[in-house]
Amino acid sequence: MRILFLGDLVGRSGRSAVIDKLPGLVEDNQLDFVIVNGENAASGFGITEAILQDVLDAGADVVTTGNHVWDQRDTLVYIERQDRLLRPVNYPSGTPGRGAHLYTARNGAQVMVANVMGRVYMDALDDPFAAMDRVVSDCPLAEVADAIIVDMHAEATSEKQAMGHFLDGRVSLVVGTHTHVPTADHQILENGTAYLSDAGMCGAYDSVLGMDKEEPVNRFQRKIPGSRFTPATGDATICGVAIETDDRTGLADRIAPLRIGGRLEPVQPYFWSDPD
């Protein structure tokens with residue numbers, strides 16, 4: 001099965017690039033399932049229902065989030081009727097929405113997607129490791145789910161790596177989001193789980209984490225806010241990671257990064273053009 005995960009959409013630049021390019025990526029590369037982190041899609045803060053629908057219509061099967069999930073207050077209401085929008089699974093019991101769900105891929109396979117948030121330098125949610133243990137115990141790979149994808153939304157690389165090893169052999173992919181900078185450590189772990197510390201963002205990289213440079217630089221210099229952060233409007237780079245899974249085990253056979261457009265060096269998964 002071919003699965004694509006795209007990092008955090010940031011503002012109009014990022015979401016426009018994804019909405020424009022994703023349909024062709026799905027068709028040209030016969031992608032079976034696509035996950036997009038959309039937590040910065042609405043002017044950099046949260047995601048509206050209209051934007052969510054645009055991303056889904058472009059070819060995303062699921063949209064994950066993170067610490068900005070509630071920045072658009074309407075999300076507290078519409079998330080209950082949008083089962084293809086996930087918030088972190090380790091929010092306390094009773095929080096609106098869902099943190100993990102089983103979906104049907106284009107090829108008919110069953111794909112579990114889980115969104116979980118770290119606690120190092122982040123909001124103090126419930127234990128992410130205990131939460132993920134419950135998810136994979138309730139929906140075992142190769143028994144209930146044909147693939148399991150985990151979006152680990154976290155600041156600390158060490159916490160993301162620990163989650164990768166904790167779930168190694170139990171899920172198809174653990175991919176980090178939140179820091180907006182793509183890492184180069186894509187690998188298949190010892191027991192068959194694909195791992196990447198951060199997928200990067202889909203946004204303008206002539207920026208500070210997708211935001212217009214002036215205000216972040218001002219705050220670092222002066223230690224006081226001058227104005228609101230606003231997303232950068234330059235050409236966006238689409239950043240993400242692709243995997244292929246084994247149909248029998250659900251574990252990863254291959255993993256490779258994706259970068260299209262904008263300022264970063266372009267790269268496409270080598271196995272998209274490799275029939276073998």
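Colleague: What makes two strands a pair?

Modeller: Two strands pair if DSSP finds at least two bridges between them. This model is predicted. In it, strand β5 (residues 100–104) and strand β6 (residues 110–117) are joined by five bridges, in the antiparallel sense. Five against at least two: therefore β5 and β6 pair.

Colleague: Which residue of β6 does T104 face?

Modeller: T104 stands opposite Q110. Five residues lie between the strands of this hairpin, and G108 has a positive phi near 90 degrees.

Colleague: Why is T245 called buried?

Modeller: The relative accessible area of T245 is 6%. Buried means under 20%, so T245 is buried. T245 belongs to strand β12 (residues 236–245).

Colleague: What does T245 touch, leaving aside neighbours within four places in sequence?

Modeller: T245 is in contact with M1, I3, S172, G250, L251, A252 and D253.

Colleague: And D138, buried or exposed?

Modeller: Exposed means over 50%. D138 has a relative accessible area of 66%, so D138 is exposed. D138 sits in helix α4 (residues 128–138). Its C-alpha atom is 45 Å from that of R219, 81 residues apart along the chain.

Colleague: How do you know that the length of α1 agrees with its number of residues?

Modeller: α1 has 18 residues, and at 1.5 Å a residue they should span 26 Å. The end C-alpha atoms of α1 are 26 Å apart, so the two values agree.

Colleague: Where does α1 bend?

Modeller: At K21, by about 35 degrees. A proline, P23, follows within four residues. After α1 comes Q30, with a positive phi near 50 degrees.

Colleague: Which residues of α1 are buried?

Modeller: They are G11, S13, G14, R15, A17, V18, L22, L25 and V26.

Colleague: Which residues touch the most other members of the largest nonpolar core?

Modeller: L4, L6, L22, L25, I47 and W272 do, in a core of 39 residues. The elements giving two or more residues to this core are β1 (2–6), α1 (11–28), β3 (33–37), α2 (49–58), β12 and β13 (252–260). Another core, of 23 residues, lies apart from it, and V62, L86, V113 and I149 are among its members.

Colleague: What does L4 touch, not counting residues up to four places away in sequence?

Modeller: L4 touches L22, L25, L31, F33, V34, I35, V241, A242, L258 and W272.

Colleague: Why might nonpolar side chains be found together?

Modeller: In soluble globular proteins, nonpolar side chains tend to be buried together.

Technical notes
Residues numbered from 1 in each chain as written. Predicted model: local features only at pLDDT ≥ 70, side-chain atom pairs only at ≥ 80, totals over all residues. Heavy atoms only, no water. Buried < 20%, exposed > 50% of the residue type's maximum accessible area, 1.4 Å probe, protein only. Contact = heavy atoms within 4.5 Å. Core = buried A, V, L, I, M, F, W, Y, C linked by side-chain atoms within 4.5 Å. Expected span 1.5 Å × (residues − 1). Bend = angle between axes of the 7 residues up to and from the residue.
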